[in-house]
Amino acid sequence: MIKVEQLTKKFGDNTVLKGISTTIKQGEVVAIIGPSGSGKSTFLRCLNLLEQPTTGDIWIQSKKITNPKINKLSMRENIGMVFQHFHLFPHMTVLDNVTYAPQKVKGIKKEEAEKNAMELLEQVGLTEKAKAYPNKLSGGQKQRVAIARALAMNPEIMLFDEPTSALDPEMVKEVLDVMKDLAKSGMTMVVVTHEMNFAKEVADQILFLDDGKLVEKGNPTQFFKEPKTERAKDFLDKIL
Ligand code: ADP
Ligand code: MG
């Protein structure tokens, strides 16, 4: 589904990704963990070309997206992204937030977009908020709307960048539960997270980044029980 080969990214002369290679299969849930500043967000943003890789190649469903001729916009239709800070459209109702892109980008008729949106709002437990504006919602509700909005484009891959880091503790679970359901439904997911229990329970694969390098990858049972590298051990010792 996703193949990354020798990916590097520089900002000026700061090299923040230093040759990352990995593959992600269809339906896999991958958790990316590592210290702050290690390049997790940059890696995620390279996967949908929100950041342009400096060198290296990325294939998404056999399409080489690092080919300069790629149509970035149509490539991104297939990849949903959820950010730490929701980024809902504040002047639109929940329903309009969810129906906007399918109508605008895919030309889906309003009625159909709304029917689809109501199903997604049901999936994230927010049908009763369809007509509300984002400023009337809690952080957890906003993030669930953001997930519904991303799903409305019917993506094959979902990227999450610390989706629960900006939430009050009591709202973390409702968002993780929605993500768990999504994982169970077979969605391919790449999740940057500090929620180690989520990573343990839901991820098929852990990628541990440190200082722009993929220091360790493995299945969660092995990674959390017996990390192979000192750096992963140190990191887990500090946070667990
Ligand atoms: P993480 O998500 O693991 O905390 P990031 O990918 O956000 O790490 O950042 C990795 C490094 O890249 C940091 O040193 C950060 O300052 C730098 N960086 C990230 N985005 C930019 C940018 N747009 N311009 C310049 N430097 C950036
Ligand atoms: Mg980050």
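**Figure 1. Helix H1 in this predicted model is largely enclosed by the rest of the structure**. Helix H1 spans residues 40–47, and because six of its eight residues are buried, H1 is largely enclosed by the rest of the structure. The buried residues of H1 are Lys 40, Thr 42, Phe 43, Leu 44, Cys 46 and Leu 47. H1 is followed by Leu 49, a residue whose phi is positive, near 60°.

**Figure 2. Four strands form an open sheet with antiparallel pairing**. The strand order across this sheet is S2-S1-S4-S5, with strand S2 (14–24) and strand S5 (63–64) as the edge strands, each of which pairs on one side only. Strand S1, residues 2–11, and strand S4, residues 55–60, pair in the antiparallel sense over five bridges. For Lys 3, the bridge partner in S4 is Trp 59.

**Figure 3. The largest nonpolar core contains 38 residues**. Within this core, the residues that touch the most other members are Val 98, Leu 121, Ile 147, Met 158, Phe 160, Met 179 and Met 189. At least two core residues each are supplied by helix H3 (94–106), helix H4 (110–123), helix H5 (139–151), strand S7 (157–161), helix H6 (169–184), strand S8 (188–192) and helix H7 (196–202), and H6 gives the most to this core, with eight residues.

**Figure 4. The largest pocket is lined by 22 residues**. This pocket holds about 630 Å³ of space, and the lining residues closest to its centre are Arg 76, Ile 79, Met 81, Ala 101 and Met 153. Two or more lining residues come from each of helix H2 (72–76), strand S6 (79–82), H3 and H5. Sorted by class, the lining of the largest pocket comprises 15 nonpolar, four polar and three charged residues.

Notes
Residues are numbered from 1 along each chain as its sequence is written. Chains are lettered from A and ligands numbered from 1 in the order in which they are written. This is a predicted model: local features need pLDDT of at least 70, side-chain atom pairs count only at pLDDT 80 or more; totals for chains, interfaces and linings use all residues. Side-chain values use heavy atoms; hydrogens and water are left out. A nonpolar core is a set of buried Ala, Val, Leu, Ile, Met, Phe, Trp, Tyr and Cys residues joined through side-chain atoms within 4.5 Å. Buried means under 20% relative accessible area, exposed over 50%, partly exposed in between (1.4 Å probe, protein chains only). On a 1 Å grid over the protein atoms alone, a cavity is a set of points where a 1.4 Å probe fits but cannot get out, and a pocket is an open set with protein on both sides within 12 Å along at least five of seven lines; lining residues have an atom within 4 Å of a point. Grid points are joined across faces, edges and corners, and a volume is the space filled by probe spheres set on the points. Ala, Val, Leu, Ile, Met, Phe, Trp, Tyr, Cys and Pro count as nonpolar, Asp, Glu, Lys and Arg as charged, and the others, Gly among them, as polar. Two strands pair if DSSP finds at least two bridges between them.
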